Amino acid sequence: METWIEVVVFGLQRGAIFGLVGLGLALVYKATRILNFAQGELGTVPAFAALMVMTGFETVGDEVADRGLLLPATVVAVLVGALLGVLLYVVVIRPLGKVSPVTSLVATAGVALLLTTIEINVFEARARRFPRPVNGGFDLPGTDVIVDWHTVVILAALAGVALALAAFFRSAPGVALLATAEDPFAAELQGVPVERMRALAWGAAGALGALAGVLGAGVFESLTPGLVTSTFMIPAFTGVVLGGITSMVGAVVGGFALGIVSQAAIQIVTTYELDVPGPPQLAVLVVLLAVLLMRPQGLLGRSA
Amino acid sequence: MPEQTKEMVELVDLRAGYGALPVLHGFSIAVAPGEVAVLLGLNGAGKSTAVKVLCGAVAATGGSVRYRGEEITGCSTAGCVQKGIVMVPEGRRVFGGLSVERNLQVGSWTQRGNRGWVEAQRAHVYEVLPRLAERRDQLAGTLSGGEQQMLAIGRGLMANPSVLVIDEASLGLAPVIVREILKIARNLAEEGTTVILVEQNVGALEVADVGFFVDQGVVTATLRGKELADGELIRSLYLG
Ligand SMILES: Nc1ncnc2c1ncn2[C@@H]1O[C@H](COP(=O)(O)OP(=O)(O)OP(=O)(O)O)[C@@H](O)[C@H]1O
Ligand SMILES: [Mg+2]
């Protein structure tokens, strides 16, 4: 019993990060119909920016990050993420013009690779310690399970993001963004600056990625080049597909589902001493396959 | 200095097209403030192209667009909306996944800084188009064709137009709904908005102050007064 409670707690923690990454993916897909494979690096690069703020710009040293600076560092990271998102749209995506989904996927994967390479060159291919905003944890009442405060922080951050997004999609720019996503020509005829709306979606996705990067590095208490892509990107993407690609709520629901499924897979494999390579990844792929076979529009998406 | 003129909108010797394909070959019309103008003509005559040039959605390759006597050729769509030239596009193109109320909110984009005005205008739109008021929380995609057309017009009105262009309002609608929409257009003009209707339906001439017959990218006839009700004359225009 206890172990399954742990599965759920860890599942929710991972799931919330998948959800943050997934929200960025869904937002960009909704606004510009592009699967942004660079979303993960829109998390890792800002996390490195935060680390730089906390270590006094020590790119390769062993300077310990000053946890007291985590809040301003996170603000810097979010700004860097937003800027990077806008740049990615303006410099790479928009000049591509109307291309097939595969072409834009390859382009964004190329950007992810490029950013990872830059990270390795600047910060070296090694792990740096990365702080959490709150250390330690607490006993879940009535159990022996210890819940990290960091898990609470991540869930609270996701809840804050959800509220902010809900408010945004009621505001004039938010509604104009939804209109642009549906029919750019009709939106333009009302004077909506369509290109600026698309850039706004990419910028917001970058900010979400940054938050996922900082909190995700906190999960491992370490940061390596390519971290968010290698640990959170595939499950987040799968969660978004599960949730219905353009659905924000679906991205979060799908993220949690994938978080719990992958933790459960680890648990099953250890309990029964199964000899399976990479159980969480495998579980994720099983979900992806099941969705594509049985419900290609996802749980909450509408069929095209 | 712009020359003094009593016209609201003038298209003068306009030339435009798509890529290598020219569509307008010296297209000219003039519409006075508060008039209802109707552009008639066969499919592919260039009516939609002409009004798209007026709204900045298609570039002119020659000639000029004047608004209140001011030369505005080459103005962007957003710039035109800002000035008060607003188009309700062919095919309505409401935002199907958004509610009626949200569609109107998108319409008021250029006016969003003026909350008081937007509130009052929304109330006015619901008054002029009462079917929308009953359905304000309904998704636009689930409205009937006639209701969608009214929503598209309401959305256009939320941008505070001085000139409202409606492209093929009557397409695919029952005659009784078409009459209702034409009456709405007439009433808008009585309130001072200049209305330009692009129509296949000659019945629209009943509410018109001026009619332009368009053929192969030029205006071949301008009808005013009694001519607007001269069935014989109109039939001869269609027969060429
Ligand atoms: N986006 C476009 N690209 C290329 N050609 C176009 C485009 N839009 C219109 N055309 C062409 O321009 C010509 C005039 O089209 P336009 O839409 O202005 O006609 P119309 O008078 O509005 O016709 P209808 O009554 O059928 O709407 C047609 O031959 C059409 O094929
Ligand atoms: Mg047309």
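**Note on the predicted model: rings, ligand shell, pockets, backbone**

1. Aromatic pairs. The count comes to seven aromatic pairs over all chains. One of them joins A:Phe48 and A:Phe123: the ring centres are 4.1 Å apart and the planes meet at 10 degrees, so this pair is stacked. The cut-off for stacking is under 30 degrees between planes.

2. Ligand 1, shell. Ligand 1 is surrounded by 13 residues. The closest are B:Asn43, B:Lys47, B:Ser48, B:Thr49 and B:Gln200. Which element gives the largest share of this shell? Helix 1 (residues 47–54) of chain B does, with three residues. By class, the shell holds six polar, four nonpolar and three charged residues.

3. Ligand 1, polar contacts. B:Asn43 places a polar side-chain atom 2.7 Å from an oxygen atom of ligand 1. For B:Glu90, a polar side-chain atom is 2.8 Å from an oxygen atom of the ligand. For B:Glu168, the corresponding distance to an oxygen atom of ligand 1 is 3.1 Å. How much of the ligand does the protein cover? On its own, ligand 1 has 630 Å² of accessible area, and the protein covers 62% of that.

4. Largest pocket. Its volume is about 1,100 Å³. The lining has 34 residues. Nearest the centre of this pocket lie A:Lys30, A:Leu178, A:Thr246, A:Ser247 and A:Arg302. Four helices of chain A each supply at least two lining residues: helix 1 (2–32), helix 5 (149–168), helix 6 (172–182) and helix 10 (248–271). The lining of the largest pocket divides into 19 nonpolar, nine polar and six charged residues.

5. Second largest pocket. This one holds about 630 Å³ of space. It is lined by 25 residues, and those nearest its centre are A:Thr32, A:Arg33, A:Ile34, A:Gly97 and A:Lys98. Two or more lining residues come from each of helix 1, helix 3 (70–96), helix 4, helix 6 and helix 8 (194–220) of chain A. By class, the lining of the second largest pocket has 14 nonpolar, five polar and six charged residues.

6. Cavity. How many cavities of 30 Å³ or more does the count give? The count gives one. The largest cavity has a volume of about 30 Å³. Its lining consists of A:Leu25, A:Leu35, A:Asn36, A:Phe37, A:Leu105, A:Met233 and A:Phe237. Six of the lining residues are nonpolar, one is polar and none is charged.

7. Backbone, chain A. Most residues other than glycine have a negative phi. A:Ile245 is not a glycine, yet its phi is positive, at about 55 degrees. Where does A:Ile245 sit? A:Ile245 is in the loop between helix 9 (227–243) and helix 10 of chain A.

8. Backbone, chain B. B:Asn160 also has a positive phi without being a glycine; the value is about 60 degrees. B:Asn160 lies in the loop that runs between helix 6 (145–157) and strand 7 (163–167) of chain B.

Conventions:
Residues are numbered from 1 along each chain as its sequence is written. Chains are lettered from A and ligands numbered from 1 in the order in which they are written. This is a predicted model: local features need pLDDT of at least 70, side-chain atom pairs count only at pLDDT 80 or more; totals for chains, interfaces and linings use all residues. Side-chain values use heavy atoms; hydrogens and water are left out. On a 1 Å grid over the protein atoms alone, a cavity is a set of points where a 1.4 Å probe fits but cannot get out, and a pocket is an open set with protein on both sides within 12 Å along at least five of seven lines; lining residues have an atom within 4 Å of a point. Grid points are joined across faces, edges and corners, and a volume is the space filled by probe spheres set on the points. Ala, Val, Leu, Ile, Met, Phe, Trp, Tyr, Cys and Pro count as nonpolar, Asp, Glu, Lys and Arg as charged, and the others, Gly among them, as polar. A residue is near a molecule or strand if one of its heavy atoms lies within 4 Å of it. A polar contact is a pair of N or O atoms within 3.5 Å; within protein, one must be able to donate a hydrogen and the other to accept it, and residues adjacent in sequence count only if both atoms are side-chain atoms. Accessible areas come from the Shrake-Rupley method with a 1.4 Å probe; for residues, only the protein chains shown count as cover. Rings of Phe, Tyr and Trp (its six-membered ring) pair if their centres lie within 6.5 Å; planes under 30 degrees apart count as stacked, over 60 as edge-to-face and the rest as tilted.
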